[in-house]
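Subject: Structure handover and notes

Dear colleague,

Please find below the structure I promised to pass on to you. My notes on it come directly after, and I would be glad if you read them with the structure open.

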Amino acid sequence: MREDLLYWVWVTLCFPPANPKMLQLLEELTPREIYERQGSLPFPFLGAEDVRRLKKVPLAMAEGVLERCGQLGVHILTMQDEDYPRRLLHIEFPPPVLYCQGSLANLDQLLTIGIVGTRSVNDYYRRATGNVSFQLARAGAVIVSGCAAGCDEYAHLGALRAKGVTVGVLACGFGVNYPAKTEYVRKEIPAQGALISELPPGTKEDRHYFRIRNRLIAGLSEGVLISQTPTRSGALLTITHALEQGKDIFCLPPNDIFSNTCMGIAPAIRDGAQVILSARDILDYYLSRFEPVLDMERMPAADMTGSRPGKRPAKAAPEKKKRAKDEPGTSAPPDKTANAAPAPLPEWLTDQQRQVLLMLGEGPKQVEELMESTGLASYELLTLLTELELAGLARMLSGQRYERMG
């Protein structure tokens, strides 16, 4: 263990997170110097309460944090470490310490897109969020979100199912199962990216922590995509942070302009937020800057619109049809599209995904029918179907039925 790490942790225990005085102090002295001179710090910005806290917090408390991190498999990054994201150094009140599971290596060289929205997500936004996240991650973008249920959940899930990279920013410390609903997602993230928190292990969630968490989501991201956002939503705080940080704002088109459950994005749209119709709208925006790390060919052919934005299919000339009465005994030519072959299956599909899609190409299928034909357990089949949904290749119908798209 690095000797100075103990003092970095100790300093952060002496101040609340996102505290400007802590950062001012670190500009003047190293963490160890602060500890050694805690009784005589001649800085006018420190009040009596600040000095009292510095004297009150024992070094043993920091040692306990380090021990707990070891038990949880959490490593610690300071502002001076190479893997500490440089993007965070340019936000207001960057965290001096980040607790991390997984890896943030090379994050600054990659295109990072934050995705946020409400917990009470409807089906339209659930599918759209997961689809865009899947497409972005397949192309090499990193998905950043807050590990909450709802929109955050499907943002992370889309990246995970695409075998891409995702970063989850916690509003609590490690060792706290919050929210319990997204535990299954949080368990997967470190293997394909990182979970991070500026709060020491064991810190329970608090309303204030969501606000400071959102500044980190915006800070880590080149651009922020807003999914479903009610007129009163914590996601709006992320928009505020992103605008203050000069980040690009994207949003999914509202599915109901008469509903307060999705029109929180309206002011941002009026102020210039870019409405996107597929992941390609975002990727094209950044392609000139991040072309070396993006691979557009890895994106599945199917997306939300079914075609690449900006490339509209040419209009076919209207076909002149002779009426039957002009040629007795003849009839109008058959509609060739009725029996058109489905689009070729993407090469990246696994054998099981390919098998299920071929079955769905025959018509909508019940989950039980698919289980019987594939021999897959229910949880295996539902995971596979979710992956196909996120890729825009299948969709769920009523009555636990699924059909192929494209």
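The notes below go from the whole chain to the sheets, the helices, the pocket and a few single residues.

The model is predicted, so local features are given where pLDDT is at least 70 and side-chain atom pairs count only at pLDDT 80 or more, whereas totals for chains, interfaces and linings use all residues. Residues are numbered from 1 along each chain as its sequence is written, and side-chain values use heavy atoms, with hydrogens and water left out.

**The chain as a whole**

The chain has 15 helices and 12 strands, where helices (H or I, at least four residues) and strands (E, at least two) are DSSP runs numbered from the N terminus. Of its 406 residues, 51% count as buried; buried means under 20% relative accessible area, exposed over 50% and partly exposed in between, with a 1.4 Å probe and protein chains only. Among contacts (heavy atoms within 4.5 Å) between residues at least 6 apart in sequence, 70% join residues at least 24 apart.

Nine strands form an open sheet in the order 1-2-6-5-4-3-7-8-9, with mixed pairing; two strands are taken to pair if DSSP finds at least two bridges between them. Strand 1 (75–78) and strand 9 (274–275) stand at the edges with a single partner strand each, so one side of each has no neighbour in the sheet. Strand 2 (residues 97–102) and strand 6 (residues 193–197) run antiparallel and are joined by four bridges, and Gly 102 has Ala 194 of strand 6 as its bridge partner.

Two helices that pack on this sheet are worth a look. Helix 7 touches strand 3 (112–116), strand 4 (142–145) and strand 5 (165–169), and its direction makes about 155° with that of strand 5; axes here are lines fitted to C-alpha atoms, for helices over the stretch in contact, and angles run from 0 to 180 degrees between N-to-C directions. Helix 8 (residues 183–192) touches strand 2, strand 5 and strand 6, and its direction makes about 115° with that of strand 6.

Just after helix 7, Lys 163 takes a positive phi of about 60°.

Strand 7 (residues 223–226) is covered on both faces, with Gly 223 and Leu 225 buried on one side and Val 224 and Ile 226 buried on the other. Strand 7 pairs in the parallel sense with strand 3 over four bridges, where Ile 115 has Leu 225 as its bridge partner. Strand 7 also pairs in the parallel sense with strand 8 (residues 248–251), again over four bridges, and there Val 224 stands opposite Ile 249.

**Strands 10 to 12**

Strand 12 (residues 401–404) pairs in the antiparallel sense with strand 10 (residues 365–366) over two bridges, and strand 11 (residues 394–397) pairs with strand 12 in the antiparallel sense over four bridges. Tyr 402 of strand 12 is the bridge partner of Lys 365 and also of Met 396.

**The largest pocket**

The largest pocket has a volume of about 310 Å³. On a 1 Å grid over the protein atoms alone, a pocket is an open set of points, where a 1.4 Å probe fits, with protein on both sides within 12 Å along at least five of seven lines, and lining residues have an atom within 4 Å of a point; grid points are joined across faces, edges and corners, and the volume is the space filled by probe spheres set on the points. Of the 17 residues that line this pocket, Arg 119, Phe 210, Arg 213, Asn 214 and Gly 234 are the closest to its centre. Helix 9 (207–220) and helix 10 (235–244) each supply at least two residues of the lining, and helix 9 gives the most, with six residues.

**Cysteines and Thr 374**

The structure holds zero disulfides, a disulfide being a pair of cysteine sulfur atoms within 2.5 Å. The sulfur of Cys 147 is 8.5 Å from the closest cysteine sulfur, that of Cys 172, which is too far for a bond. Cys 147 counts as buried at 2% relative accessibility, and Cys 100 is buried with a relative accessible area of 0%.

Thr 374 lies in helix 14 (residues 367–374) and counts as buried at 17% relative accessibility. Leaving aside residues up to four places away in sequence, Thr 374 touches Gln 355, Val 356 and Met 359. Thr 374 and Val 356 are 18 residues apart in sequence, and their C-alpha atoms are 7.7 Å apart in space.

With best wishes
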